[in-house]
Amino acid sequence: MISSHRRILAALATMCLTLALAACGDDNSSDSGSSSTTPASEGKAIASDPANASKGTITVGSKNFTEQFILGEIYAQTLEAQGFKVKRRLNLGSEQVAYKALTGGSIDMYPEYTGTALTSFFGVKTKDVPKDPDAAYEQAKADYAKKGITALARTPFQNTFIIASTKATAEKAGNPKTVSELFSKNPKLSISGFPECRQRQDCLLGLRSVYGFKGKFVSSDGKFNDLDGGQSDLTLAFSTDPQLALTDKYTAYEDDKKFFPPYNISLGITDKTVKTIGPKTVDTLEAVQEGMTEEAMRELNRRVELDKQEPKKVAAAYLKEEGFVE
């Protein structure tokens, strides 16, 4: 389980403190330290407020791939646990479609990656995006605010692009370690990526200008399926893709020029919706993100992509494992 180690550490801490108090006997000052006996998962359970049901329906959106489906479900189920009525639109398409839905009012919130927001929505050149995740988030937050959107705190994990191939392709290419070495020695390799990658600065356009990529681009949503089926030599994968753990099958290449910017998630919510749901709900939405490490997201993605579980069930399991729901 994702947070099992937290519960074990909390239980051990509680047991040790109990033994210490027993050894010391009565101590009238012990109340001042009583909070330290609470296990990490206790006190996190989301409480439902019946009044939230009368505040209208909150529409949660997402883009059209596994991680976005999971994140959308986590946020939707968090709102439902608090008593809100929720509508899901979790397969909107590209970031441009999702952002238009958010600014146009057809959805109230959706999770976006900070680097994507800056380059795709706010005209920042990829080379000018801050390399520091906090700085990138603050810049995106300020730009969102100008559009009437509140950007919630960023997640611990980021999901950056990773150029990957099969191990067999890597061997044929001379086992390069970096993207620069890969492209300089193998200029005719093809690469697959999601359709909008073709027009994005932080995707194909940048690979051509920064790394000098000259090969064929294959528009696809297949990623590792493209590699397995021979549709392309390389693919633009994500750092939280569970397949990257299969090192005997796939190889990833180092972004040695630090081309790809930070891609932490920030949940964008219209200012109007923020007023509707209130600060307590905002705090709760941010709290459920605290366990979203890269390792945790890779595990959640694995459950959907490799174990073939439904994103809704995987999201529910995450909230339960993290102590937010019973």
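This is a predicted model: local features need pLDDT of at least 70, side-chain atom pairs count only at pLDDT 80 or more; totals for chains, interfaces and linings use all residues.

Biologist: What share of the residues is buried?

Modeller: Buried means under 20% relative accessible area, exposed over 50%, and partly exposed in between, with a 1.4 Å probe and protein chains only. Of the 326 residues in the protein, 51% are buried. As for contacts (heavy atoms within 4.5 Å), among those with a separation of 6 or more, 77% are between residues 24 or more positions apart.

Biologist: How many residues of helix α4 are buried?

Modeller: Eight of the eight residues of α4 (residues 114-121) are buried, so this helix is largely enclosed by the rest of the structure. Among them are Thr 114, Gly 115, Leu 118 and Phe 121. The cover over the buried residues includes α3 (95-104), β3 (109-113), α5 (133-145) and β10 (265-270). After α4 comes Gly 123, with a positive phi near 70°.

Biologist: At what angle do α3 and α4 pack?

Modeller: For such angles, axes are lines fitted to C-alpha atoms, for helices over the stretch in contact, and angles run from 0 to 180 degrees between N-to-C directions. Angles under 35 degrees count as roughly parallel, over 145 as roughly antiparallel, 65 to 115 as roughly perpendicular and the rest as oblique. α3 and α4 pack at about 85°, with their axes 11 Å apart, and are therefore roughly perpendicular to each other. Glu 95, Gln 96 and Tyr 99 in α3 meet Thr 116, Ser 120 and Phe 121 in α4. By class, this contact of α3 with α4 has two nonpolar, three polar and one charged residues. Ala, Val, Leu, Ile, Met, Phe, Trp, Tyr, Cys and Pro count as nonpolar, Asp, Glu, Lys and Arg as charged, and the others, Gly among them, as polar.

Biologist: Which residues of α2 meet α11?

Modeller: The axes of α2 (residues 66-81) and α11 come within 10 Å and cross at roughly 105°. That makes α2 roughly perpendicular to α11. Thr 66, Glu 67, Ile 70, Leu 71 and Ile 74 in α2 meet Met 297, Leu 300, Asn 301, Val 304 and Glu 305 in α11. The residues of this contact divide into six nonpolar, two polar and two charged.

Biologist: And α11 with α12: what is the angle between them?

Modeller: Helix α11 (residues 294-305) and helix α12 (residues 311-321) pack at about 145°, with their axes 9 Å apart. Leu 300, Arg 303 and Val 304 in α11 meet residues of α12 including Pro 311, Val 314 and Tyr 318.

Biologist: Now strands, please. How many bridges pair β3 with β10?

Modeller: Strands of a sheet pair through backbone hydrogen bonds, either parallel or antiparallel. Two strands pair if DSSP finds at least two bridges between them. β3 and β10 pair in the antiparallel sense over five bridges, and the partner of Glu 112 in β10 is Ser 266.

Biologist: Are the faces of β3 covered or open?

Modeller: In a regular strand the side chains alternate between the two faces of the sheet. Both faces of β3 are covered: Met 109, Pro 111 and Tyr 113 on one side and Tyr 110 and Glu 112 on the other are all buried.

Biologist: In what order do the strands of the open sheet run?

Modeller: Five strands form it, in the order β7-β6-β8-β5-β9, with mixed pairing. β7 (217-219) and β9 (250-253) are the edge strands, each pairing on one side only.

Biologist: Last, the loops. Is Lys 308 buried or exposed?

Modeller: Lys 308 lies in the loop between α11 and α12 and counts as exposed, at 65% relative accessibility. Its phi is positive, about 60°, although Lys 308 is not a glycine. In the loop between α4 and α5, Thr 126 is buried, with a relative accessible area of 5%.

Note on methods
Residues are numbered from 1 along each chain as its sequence is written. Side-chain values use heavy atoms; hydrogens and water are left out. Helices (H or I, at least four residues) and strands (E, at least two) are DSSP runs, numbered from the N terminus.
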